[in-house]
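These are my notebook entries on one chain. I begin with the sequence and the coordinates.

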Amino acid sequence: LSLEKNSSRDVYKTTKQALVTAMAGAIPAMRKALPSLTEEQLYDFCMVHHALMAGAWPMSQYTPMQEEVLDELAIPQLKVGFRAFYQKAILGYLRGVVGTA
């Protein structure tokens with residue numbers, strides 16, 4: 001997000017065009033896996049995935065000091081494991097969308 005806010009207009013535009021191209025390439029495979037979803041819902045899924053990756057990945061990358069403190073405090077619910085967190089969030093999102101489709 002910081003890179004996007006501090007990019008030039010051309011870099012920002014190129015990045016967004018690349019994102020749309022990547023999403024468009026993923027939509028046919030997603031449509032096969034999730035045939036009940038509309039095109040809008042599939043694009044929404046892509047945006048949720050993008051936002052989750054942008055936030056959850058850096059949040060789950062701990063320095064040795066952070067690992068030590070979290071272990072010391074014995075509060076595992078604050079220690080985010082990316083794979084499990086991502087899977088739980090995406091499945092929860094899809095259950096909600098499919099349940100309303």
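**Entry 1. Conventions**

I worked on a predicted model, in which local features need pLDDT of at least 70, side-chain atom pairs count only at pLDDT 80 or more, and totals for chains, interfaces and linings use all residues. I number residues from 1 along each chain as its sequence is written, and side-chain values use heavy atoms, with hydrogens and water left out.

**Entry 2. Helices α2 and α3**

I took helices (H or I, at least four residues) as DSSP runs numbered from the N terminus. I looked up helix α2 (residues 9-33) and helix α3 (residues 39-59), whose axes come within 10 Å and cross at roughly 120 degrees. That angle makes α2 oblique to α3; under 35 degrees counts as roughly parallel, over 145 as roughly antiparallel, 65 to 115 as roughly perpendicular and the rest as oblique. The axes are lines fitted to C-alpha atoms over the stretch in contact, and angles run from 0 to 180 degrees between N-to-C directions. I noted the crossing of α2 and α3 as right-handed, the term for a near helix turned clockwise from the far one by less than a right angle.

Which residues meet there? From α2, I listed Leu-19, Met-23, Ala-24, Ile-27, Met-30 and Arg-31; from α3, Glu-39, Leu-42, Tyr-43, Phe-45, Cys-46, Met-47 and His-50. Contact means heavy atoms within 4.5 Å. I sorted the residues of this contact into ten nonpolar, one polar and two charged. In this scheme Ala, Val, Leu, Ile, Met, Phe, Trp, Tyr, Cys and Pro count as nonpolar, Asp, Glu, Lys and Arg as charged, and the others, Gly among them, as polar.

**Entry 3. Aromatic rings**

A pair of aromatic rings is described by the distance of the centres and the angle of the planes. I paired rings of Phe, Tyr and Trp (its six-membered ring) if their centres lie within 6.5 Å; planes under 30 degrees apart count as stacked, over 60 as edge-to-face and the rest as tilted.

The ring centres of Trp-57 and Phe-82 are 5.2 Å apart with the planes at 85 degrees, so I recorded the pair as edge-to-face. The pair links distant parts of the chain, with Trp-57 in helix α3 and Phe-82 in helix α5 (residues 82-100), 25 residues apart. For Phe-82 and Tyr-86, the centres are 5.5 Å apart and the planes at 25 degrees, so this pair is stacked. Both residues lie in α5, four residues apart, about one turn of the helix. I logged Trp-57, Phe-82 and Tyr-86 as one aromatic cluster.

I then checked accessibility, where buried means under 20% relative accessible area, exposed over 50% and partly exposed in between (1.4 Å probe, protein chains only). Trp-57 is partly exposed at 45%, Phe-82 is buried at 17%, and Tyr-86 is buried as well.

Ala-56 lies in helix α3 and is buried, at a relative accessible area of 3%. Leaving aside neighbours within four places in sequence, I found Ala-56 in contact with Phe-82 and Phe-85. Ser-60 sits in the loop between α3 and α4 (64-73) and is buried at 9%. With the same exclusion of neighbours within four places, the contacts of Ser-60 are Val-80 and Phe-82.

Most residues other than glycine have a negative phi. I noted that phi of Ala-74 is near 55 degrees, a positive value.

**Entry 4. Asn-6**

I located Asn-6 in the loop between α1 (2-5) and α2. Asn-6 is exposed, at 62% relative accessibility. Asn-6 and Gln-77 are 71 residues apart in sequence, and I computed their C-alpha atoms as 34 Å apart in space.

Definitions and conventions
Helix = DSSP H or I, 4+ residues; strand = E, 2+ residues; numbered from the N terminus.
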